Amino acid sequence: MTTAFKNRLDYIQHTFAPESDALRDVRESLTDPNDQIYLSPQEGKLLQVLITMAGVRKIVEIGTLGGYSALWMAAALPAGGQIFTLEKDPARAVRAAGHFARFDADKKITLKTGDALQTLPQLENDGPFDMVFIDADKLNYMNYLNWAEKNVRKGGLIVGDNTFLFDSVWRGAPADNVRKTAFDAMQNFNKRLGDANLYRGILLPTEEGMTVAVKLF
């Protein structure tokens, strides 16, 4: 008997990225409308593939939310690997810490609470990093990229999520729920990671868009 699938993403998840019951519980615990901006399982598995391909051991994640993406990434790290994940909202940070403890992942995940622009400089002595994953406030994507460029090793990865910006970037104008300043920041973010003199980069057509770039300098 063949299995019927609703669409391509459903097939991809079923075949390549089955979600464990425990991870599903984490995702489904994010019930507030403002919290329902987590990765899909397919994107979580994509991050795992990138981590493995690039030999990533040390990651900075900007934007923890409920810890769902950090848990996907931690599962792909080798022994001794480490994620520093940054969350501005104290309530979200508490929720994520509980999820990390449940998975016994807090040995690989260090959670820091506070504004990322203030927290990031505190991590510089722990670098250079193999990967920075940016999934936070869109207005500051360029500021986060500026930091990542200085603190990711040559050959390391810079990854940004939601880089279609609700389809604004390819339509050429901000969507109704997107500020012009955020639109400009995301356009500049994608443009810089698309600069072949600096990166081997591509915007992958996931549901929300994910920009992936290898740093060449």
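The questions and answers below go through the cores, the ring pairs and a few backbone details.

Modeller: This is a predicted model, in which local features need pLDDT of at least 70 and side-chain atom pairs count only at pLDDT 80 or more, while totals for chains, interfaces and linings use all residues. Residues are numbered from 1 along each chain as its sequence is written, and side-chain values use heavy atoms, with hydrogens and water left out.

Colleague: Which residues have the most contacts inside the largest nonpolar core?

Modeller: A nonpolar core is a set of buried Ala, Val, Leu, Ile, Met, Phe, Trp, Tyr and Cys residues joined through side-chain atoms within 4.5 Å; buried means under 20% relative accessible area, exposed over 50%, and partly exposed in between (1.4 Å probe, protein chains only). The largest such core has 31 residues, and those with the most contacts inside it are V60, I62 and L120.

Colleague: Which helices and strands each supply at least two residues of this core?

Modeller: Helices (H or I, at least four residues) and strands (E, at least two) are DSSP runs, numbered from the N terminus. At least two core residues each come from strand 1 (58–62), strand 2 (82–87), strand 4 (129–134), helix 7 (141–151), strand 5 (152–161) and helix 9 (180–193).

Colleague: What is V60 in contact with, leaving aside its neighbours within four places in sequence?

Modeller: Contact means heavy atoms within 4.5 Å. With those neighbours set aside, the partners of V60 are F84, L86, L120, L123, F129, M131, V132, F133 and W147.

Colleague: How many residues of helix 4 are buried?

Modeller: Helix 4 spans residues 68–76 and is mostly covered. Its buried residues are Y68, S69, A70, L71, W72, M73, A74 and A76.

Colleague: What is the angle between the planes of F5 and Y11?

Modeller: Rings of Phe, Tyr and Trp (its six-membered ring) pair if their centres lie within 6.5 Å; planes under 30 degrees apart count as stacked, over 60 as edge-to-face and the rest as tilted. By this rule there are six aromatic pairs. F5 and Y11 form one that is edge-to-face, with 5.2 Å centre to centre and an angle of 85 degrees.

Colleague: Are F5 and Y11 buried or partly exposed?

Modeller: F5 has a relative accessible area of 31%. Y11 has a relative accessibility of 41%. F5 and Y11 are therefore partly exposed.

Colleague: How far apart in sequence are the parts that the pair of Y141 and F189 ties together?

Modeller: The ring centres of Y141 and F189 are 5.1 Å apart and the planes are at 65 degrees, so the pair is edge-to-face. Y141 lies in helix 7 and F189 in helix 9, so the parts tied together are separated in sequence by 48 residues.

Colleague: Is L165 buried or exposed?

Modeller: L165 has a positive phi of about 50 degrees although it is not a glycine. L165 is found in the loop between strand 5 and helix 8 (168–171). At 2% relative accessibility, L165 is buried.

Colleague: What is the relative accessibility of F166?

Modeller: F166 lies in the loop between strand 5 and helix 8 and has a positive phi of about 55 degrees. F166 counts as partly exposed because its relative accessibility is 44%.
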